[in-house]
Amino acid sequence: MNHLCDQRVMGAKRFAKGFGTRAVSTLLNDPSRLSGGSVVGRRNKPFKWILMGAVMALGLLVQACAPQQAPQESCNFMMSSDQQRISWGPQTPAVLYVDSSVPAEFFDSIRSAVEHWNQSVGREVLKIGGWTNSYPNENQDGVNVIYWRKNSWPDNKDKQAVTTIYWAADRLFEADIRINDVNFDYFSGPTPIANRVDFESLILHELGHVLGLSHQEVGASVMAMRLENAVLRRTPSQKDINDVKCEY
Ligand SMILES: [Zn+2]
């Protein structure tokens with residue numbers, strides 16, 4: 001039964017930034033997919049009743065282990081299947097390591113973006129764990145890492161970065177960021193450079209995903225999906241600040 005509960009509420013999602021469409025959610029075992037009647041209707045009768053019984057039993061189990069919490073406002077956060085904001089909760093600061101593949105010229109941009117989110121919340125919700133080559137596994141390994149991809153980019157070439165978050169129930173437990181240096185060029189420092197993307201604006205956006213935020217296009221949100229060349233968007237908007245303070 002516990003195993004069922006765990007499965008129902010675990011998930012992973014990839015956010016891709018750039019000019020492409022949003023990555024498809026890979027939420028595992030969404031209970032809404034278990035309760036549909038249309039599949040049942042196509043079966044022969046005995047099988048139909050067995051299947052309906054199984055679905056109902058599964059529904060009861062799911063209901064029995066669902067937390068009794070009132071639905072929350074999203075505040076632009078990812079939402080769990082029981083309508084709770086998905087975040088690190090009290091497990092802050094979330095510690096991120098910077099892989100040694102990330103060029104040193106961008107260290108200050110990462111520090112600055114982390115500091116902007118911490119200032120927005122009013123306390124330390126993100127922390128740099130250090131620069132390291134100890135965590136080369138870009139998949140789920142229990143460590144939050146920023147990677148720099150300069151030789152190969154497996155995703156759509158229009159995406160500047162991909163952030164993958166992992167959660168169980170409504171708690172994040174891992175986030176990894178990959179930067180696409182194959183198809184884009186970046187700049188640091190105060191002066192925009194034509195035909196290059198502002199790395200600090202990009203990493204600020206990706207760190208918003210690390211905190212649990214989704215995309216939004218209202219106002220001057222740093223969570224807007226598109227980031228054009230030479231555009232500086234290095235400060236969370238008032239809406240971004242209000243959103244993140246809903247949870248932290
Ligand atoms: Zn994004």
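The protein's secondary structure comprises 7 helices and 8 strands, taken as DSSP runs numbered from the N terminus (helices H or I, at least four residues; strands E, at least two). The model is predicted, with local features requiring pLDDT of at least 70 and side-chain atom pairs counting only at pLDDT 80 or more, whereas totals for chains, interfaces and linings use all residues. Residues are numbered from 1 along each chain as its sequence is written.

Of the 248 residues, 33% are buried (20 or more other C-beta atoms, placed from the backbone, within 10 Å of the residue's own). The largest nonpolar core has 46 residues, a core being a set of buried Ala, Val, Leu, Ile, Met, Phe, Trp, Tyr and Cys residues joined through C-beta atoms within 7 Å. The elements giving two or more residues to this core include α5 (107–121) and α6 (199–211); α6 provides its largest share, 7 residues. L126, among the residues with the most contacts inside the core, is in contact (C-beta atoms within 7 Å) with residues including W117, L207 and V210.

| Property of the α5 and α6 pair | Value |
|---|---|
| Approach of axes | within 9 Å |
| Crossing angle | roughly 45 degrees |
| Handedness | right-handed |

Axes are lines fitted to C-alpha atoms over the stretch in contact, with angles from 0 to 180 degrees between N-to-C directions. The two helices, α5 and α6, are therefore oblique to each other, as angles under 35 degrees count as roughly parallel, over 145 as roughly antiparallel, 65 to 115 as roughly perpendicular and the rest as oblique.

Note on methods: Buried ≥ 20, exposed ≤ 12 C-beta atoms within 10 Å, placed from the backbone. Contact = placed C-beta atoms within 7 Å. Left-handed = near helix turned anticlockwise from the far one by under 90°. Lists of a residue's contacts leave out its neighbours within four places in sequence.
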